[in-house]
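Dear colleague,

Please find the structure below, together with its sequence. I would be grateful if you could read the notes that follow with the model open beside them.

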Amino acid sequence: MLVLFTDFGLAGPYMGQMKAVLYRDAPGVPVVNLFADAPSFNPRASAYLLAAYVAEFPEGTVFLCVVDPGVGTAGRRPVVVQADGRWFVGPDNGLFDVVAMRAAERRRWEITWRPEKLSASFHGRDLFAPVAARLARGEPPDGVERPWQVEELTGWPEDLYEVMYIDHFGNAITGIRAQSLWPEAQLRVGEHALTWARTFGEVASGAAFWYENSNGLAEIAVSSGSAAEVLGLEVGSGVEVVR
Amino acid sequence: MLVLFTDFGLAGPYMGQMKAVLYRDAPGVPVVNLFADAPSFNPRASAYLLAAYVAEFPEGTVFLCVVDPGVGTAGRRPVVVQADGRWFVGPDNGLFDVVAMRAAERRRWEITWRPEKLSASFHGRDLFAPVAARLARGEPPDGVERPWQVEELTGWPEDLYEVMYIDHFGNAITGIRAQSLWPEAQLRVGEHALTWARTFGEVASGAAFWYENSNGLAEIAVSSGSAAEVLGLEVGSGVEVVR
Amino acid sequence: MLVLFTDFGLAGPYMGQMKAVLYRDAPGVPVVNLFADAPSFNPRASAYLLAAYVAEFPEGTVFLCVVDPGVGTAGRRPVVVQADGRWFVGPDNGLFDVVAMRAAERRRWEITWRPEKLSASFHGRDLFAPVAARLARGEPPDGVERPWQVEELTGWPEDLYEVMYIDHFGNAITGIRAQSLWPEAQLRVGEHALTWARTFGEVASGAAFWYENSNGLAEIAVSSGSAAEVLGLEVGSGVEVVR
């Protein structure tokens, strides 16, 4: 399976252009669009977001990931990463560091292959998609291995105490794994202190709370309402644990 | 074929996460996203909307449907419904009652199977998608049959005299089947009385009218404009027939 | 491969309904959604937009294209166009004229086949999708050949000096092929004169510029910002070349 994780947006031609390359180069392999609205210009929040969604995909899944900045400018090498049997293709701008940090086994290769025509701005289509398709067909990575340096991975906190994503319903997904909290923990955002609930149905309509979402993250919600609007949250808003 | 009918929104990971399960468990079966923006928190309008789109899909199609409220709280059983040869999987919160009411043959089973890991908030991925995939592979439903009680289906009017959906162009799809009207019928929304036209091309630019849309429903439109904006319509707005 | 190019919007049922027909009638053929937000009610801008994205798809690709006006009213014949080995299905309202003008080889057929049930408003599903599926299965076009008249194609300028599309990031794609400019060319939009840069990374944050995008078009952008907002651009805004 091929999984897309980008900040390209659903509208416009970019998703379709990448999928066309994948269908051409890896016929019969299903392509799933996981996020097209990963935090723009924010590889750090994107790295935590990606890491939270990886575990439900089987070994051998190939993730094609693009979040600027870095793509198309010098100093951001294209890489293939292997972490616990899953593959990741994209720019080496930190996007894969949280996945690598949490993995038992990790390898990294710099992609040295270049297509005949490489546009300056759309490496997702021209470079990353053909490489991802080859991995999905079962070919080994073709590049120069670049092992992770210990210091590359030690600068990242275990969890990200920020809002990483606001969904369609206005729920705010944080970078805090619920397993690192305890049920009585309160989360503070701005002036608001939020207590835990198991699910929406257990909370009065209009009340704000946090719960463990279906990917194990602490998520801030308002029952029958938009937490983003009610609490004034956006991607990057800080979240504190009241201990 | 597998068809998705949800209020999850296109953005965000939910559609992709469900599709990943479907591709994994029912390889080779195409997955079509029919609605990702069914009326939120409104299983009643969603039930009429779904019923209007069912007939164009062949027998054997499996509809995976999720519209809150009800999912993840007690008292809303997960069910499989079979109606005129098509399958429906989702919560038993009324979502399938209009389809069932209009079907010549209908059966219903409560889903007793539970996955090893069942999140509190994402039954679409954890419970309904694996069940839908098994039906799409041709397996029989696995659960306890719960025949429809007559009184469950008699509380629903034949048609819904409301706006059920506002589309990309600002057209307002009502829950009224055009066959239950007559061409000279006028529809009233707020202060506006609307006459019938066969198609957009027959109406002056900027004029409001109603027509029979491609799914047989009375739809309110403004030629070269947005009916929602011009007439102040939203999901739930009442529609009267002037007799 | 089947490629969709429409103004139907991603939300709502239209994309899904068309895909369902394609999957039913051309099983196993991948379907790619290129644009669902082509310039609405603007077949002229849509014609230039389509022409810029055709070359990256292989011969034999079938493009299913619908942009109003014209569909469902008299005087707009449904056609199949073959241009340099690629197929196009849709209304004969100018949408394929730029592709045809630029092609070395072009043929056109009027579609005379009609489905049993043809709705007044959704020819994309009822008429164009079944025809596109048959072409994708390798069947020849079934209709009356209508060769292009020379005068039909000579009224179109080589390039369109307008904004054709605003993407997710606020970048404004023009109808000007960069190859028809020269690197020192300045583009003027409203009060703003824009110089060329190779890529975003070479421009100061917040600065406006133009560059050759990944499809060979002059695209107007603001580094780390939205050109549409900063420069007040929308689809149809004029673009001048300062010579």
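The notes below cover how the chains are related and how they touch.

This is a predicted model, in which local features need pLDDT of at least 70 and side-chain atom pairs count only at pLDDT 80 or more, while totals for chains, interfaces and linings use all residues. Residues are numbered from 1 along each chain as its sequence is written, chains are lettered from A and ligands numbered from 1 in the order in which they are written, and side-chain values use heavy atoms, with hydrogens and water left out.

Arrangement of the chains

Chain C against chain B

Here 23 residues of chain C contact 26 residues of chain B. The buried area is about 1,800 Å², with 63% of it from carbon and sulfur atoms (the accessible area, 1.4 Å probe, that two parts lose on being put together, summed over both). Pro13(C), Tyr14(C) and Tyr23(C) supply 23% of the area that chain C buries against chain B, more than any other three residues.

One salt bridge is counted between these chains (a side-chain nitrogen of Lys or Arg within 4 Å of a carboxyl oxygen of Asp or Glu). Glu56(B) pairs with Arg125(C) in a salt bridge, and their closest N and O atoms are 3.3 Å apart. On the side of chain C that touches chain B, helix 1 (residues 14-25) gives the most, with seven residues (helices are DSSP runs of H or I, at least four residues, numbered from the N terminus).

Chain B against chain A

This contact takes 23 residues from chain B and 26 residues from chain A. About 1,800 Å² is buried, 62% of it from carbon and sulfur atoms. Glu56(A) and Arg125(B) form a salt bridge, with the closest N and O atoms 3.3 Å apart.

With kind regards

Methods: Contact means heavy atoms within 4.5 Å. Helices (H or I, at least four residues) and strands (E, at least two) are DSSP runs, numbered from the N terminus.
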